[in-house]
Amino acid sequence: MSATIADSIYQALSEQIVTGALSAGEKLRQDHIARAFDTSHVPVREALLRLEAHGLAISEPRRGTRVSALNPSEIREVIEMRVSLEVLALTHAFAHFSAADLARAESARIACDEAEDMASWERRNRDFHRILLAPCQMPRLLAAIDDLHIASARHLFANWQHQWRPRVDQDHAALLQAIRRHDANAACEILRRHLRRVR
């Protein structure tokens, strides 16, 4: 399915919000966005509604749409939800992993390790996790996990950006090894430990 203008606007704005380029409280003006993307207000409105649905923006009567505030106290909840839901997805994915899935996951793991800046790393890290969990074939669960990844990424950029350095992620490698061995218990335990490290 080809990307629409609304998709492009949503992707651009969500990345700017996640990385902090658009800060909390900043107004998202439809006319400015429409001009920047050389489009009408219709796809802009669609993109803004999607930002709201993902918790990245808030619409207020007579005040328009703004970037939502980042609540530092929510990170523990986000991590615990990610642990529960991603382990659930991984458990259900085990019955469906194909050689192609594992090859894609290995490519995503390598790309993640080769990232030279935090924005690239974060996108590739999200890709790696999504590829591993997608075989669970539970779209509502995956949509909820995607939202948690976005919230988690905002906190990472807000709190960790200046300490980020390129590195090889040993957990990703260990996770893939456990999946190749068909060891679901080990894979789930590695994933739990990996996600809780963010705290």
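**Close-up 1. Arg109, a buried arginine with a salt-bridge partner in its own helix.** In this predicted model, Arg109 is buried, with a relative accessible area of 14%. The side chain of Arg109 pairs with Glu106 in a salt bridge, and the closest N and O atoms sit 2.9 Å apart. Both residues belong to helix 5 (residues 99-113). Arg109 and Glu106 are 3 residues apart there, which is about one turn of the helix.

**Close-up 2. A salt-bridge network of four residues: Glu106, Arg109, Asp113 and Arg180.** Salt bridges with shared partners join these four residues into one network. The Arg109 and Glu106 pair from the opening view shows up again here, with its N and O atoms 2.9 Å apart at the closest. If you're keeping a tally for the whole model, the count comes to 18 salt bridges.

**Close-up 3. Glu60 and Arg66, another salt bridge.** The closest N and O atoms of Glu60 and Arg66 lie 3.6 Å apart. That still makes the list, because the cut-off is within 4 Å. Glu60 itself is partly exposed, with a relative accessible area of 26%.

**Close-up 4. Arg62, a loop residue with a positive phi.** Arg62 isn't a glycine, yet its phi is positive, at about 65°. Look for Arg62 in the loop between strand 1 (57-60) and strand 2 (64-67). Arg62 is exposed, and its relative accessible area is 85%.

**Close-up 5. Asp38, a positive phi in a loop between helices.** Asp38 has a phi of about 50°, again positive although the residue is not a glycine. The loop that holds Asp38 runs between helix 2 (30-36) and helix 3 (41-53). With a relative accessible area of 72%, Asp38 is exposed.

Definitions and conventions: Residues are numbered from 1 along each chain as its sequence is written. This is a predicted model: local features need pLDDT of at least 70, side-chain atom pairs count only at pLDDT 80 or more; totals for chains, interfaces and linings use all residues. Side-chain values use heavy atoms; hydrogens and water are left out. Buried means under 20% relative accessible area, exposed over 50%, partly exposed in between (1.4 Å probe, protein chains only). Helices (H or I, at least four residues) and strands (E, at least two) are DSSP runs, numbered from the N terminus.
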